[in-house]
Amino acid sequence: MAKVLNRDLVDGAYYEAADFILFKDDCINFMKQIPENSIDMIFADPPYNLSNGGFSVHAGKRVSVNKGKWDESKGVEKDFSFHVQWLEECRRVLKPSGTIWVSGTYHSIYQCGYALQLLGYKILNDVAWYKPNASPNLSCRYFTASHETLIWARKEEKSKHTFNYEVMKDGDFSEDFMKKPNKQMRSVWSIGTPRPEEKTFGKHPTQKSLKLLERIVLAASNKGDVILDPFTGSSTAGIATAKHGRKFIGIDMEKEYLDLSIKRYNELKGVNR
């Protein structure tokens, strides 16, 4: 049984530690087994549905944008239906005061935002994650895409959510040239893409920066809280969660990325396996 929730959850964890548990499953099916009102915060990085046979630039080289079958669009209506389904399960498992962060680009984030509103979430902020080291546009026919959008929403319209205002205002975010010391945290964050050391054991094609996830975890949760990532990938959210004294549940269907997650967690804990 999962210890992360300090109560019965489900059997069959792919990996389990006191503060970090992974499940290999479809997130919609799996979340149906999680007790309602049991999760403090969710970070979700769903498929952006941009794997369309195109090309981009990475490290100065021309590379395919195709991430895998899981990232292929099934059409606007089916893509939207999928977002409604997983967000509906997220809302059920969140505590009344719980919040969710959804990451995306223009390929997906507007559908997610509309789904959030349809389901009764209260949108709190949209945050622009500006990437100062973003890859150039290969075709030279569009503006260079240099940001992703994060929507932060609360489960209930009138409940009180966690926001660690002083931590965000007075913390050390010196790597972000847009954050002025001892001033309010604004909704545009300048944070680079994942550093080489974050890819020591391999990388996920849509891997997020650890600095980004640390900021989210510190802003919207407290020590001991349970954080869920339904599309965990290489579990950057889980690493940030474990690093800062929270508890993590990650779900993914790909064994390769769950194994990568375990290696990253063991490195954080100083375990050689």
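A word on the model: it is predicted, so local features need pLDDT of at least 70 and side-chain atom pairs count only at pLDDT 80 or more, while totals for chains, interfaces and linings use all residues. Residues are numbered from 1 along each chain as its sequence is written, and side-chain values use heavy atoms, with hydrogens and water left out.

On to the rings. A search of the whole structure turns up 13 aromatic pairs (Phe, Tyr or Trp rings, the six-membered one for Trp, with centres within 6.5 Å; planes under 30 degrees apart are stacked, over 60 edge-to-face, the rest tilted). W101 and W152 are stacked because their ring centres are 5.0 Å apart and their planes meet at 15 degrees. That pair ties together distant parts of the chain, with W101 in strand β6 (residues 94–104) and W152 in strand β8 (residues 147–154), 51 residues apart; strands are DSSP runs of E with at least two residues, helices are runs of H or I with at least four, and both are numbered from the N terminus. W101 also pairs with W189, this time tilted, at 6.1 Å centre to centre and 45 degrees between the planes. Here the link runs from β6 to strand β9 (residues 188–190), 88 residues apart. Ring pairs join W101, W152, F163, Y165 and W189 into a cluster. Both W101 and W152 are buried (under 20% relative accessible area; exposed is over 50%, partly exposed in between, with a 1.4 Å probe and protein chains only). W189 is buried as well, at 3%.

E198 sits in the loop between β9 and α5 (210–220). This residue is buried yet has no salt bridge, the nearest side chain of opposite charge being R264, 4.5 Å away; a salt bridge needs a side-chain nitrogen of Lys or Arg within 4 Å of a carboxyl oxygen of Asp or Glu, and Lys and Arg count as positive, Asp and Glu as negative, with His and the chain ends not counted. The E198 side chain does reach the backbone nitrogen of L210, at 3.0 Å.

As for α5 itself, 9 of its 11 residues are buried, so the helix is largely enclosed by the rest of the structure. Among the buried ones are L210, E214 and R215.

Note on methods
A polar contact is a pair of N or O atoms within 3.5 Å; within protein, one must be able to donate a hydrogen and the other to accept it, and residues adjacent in sequence count only if both atoms are side-chain atoms.
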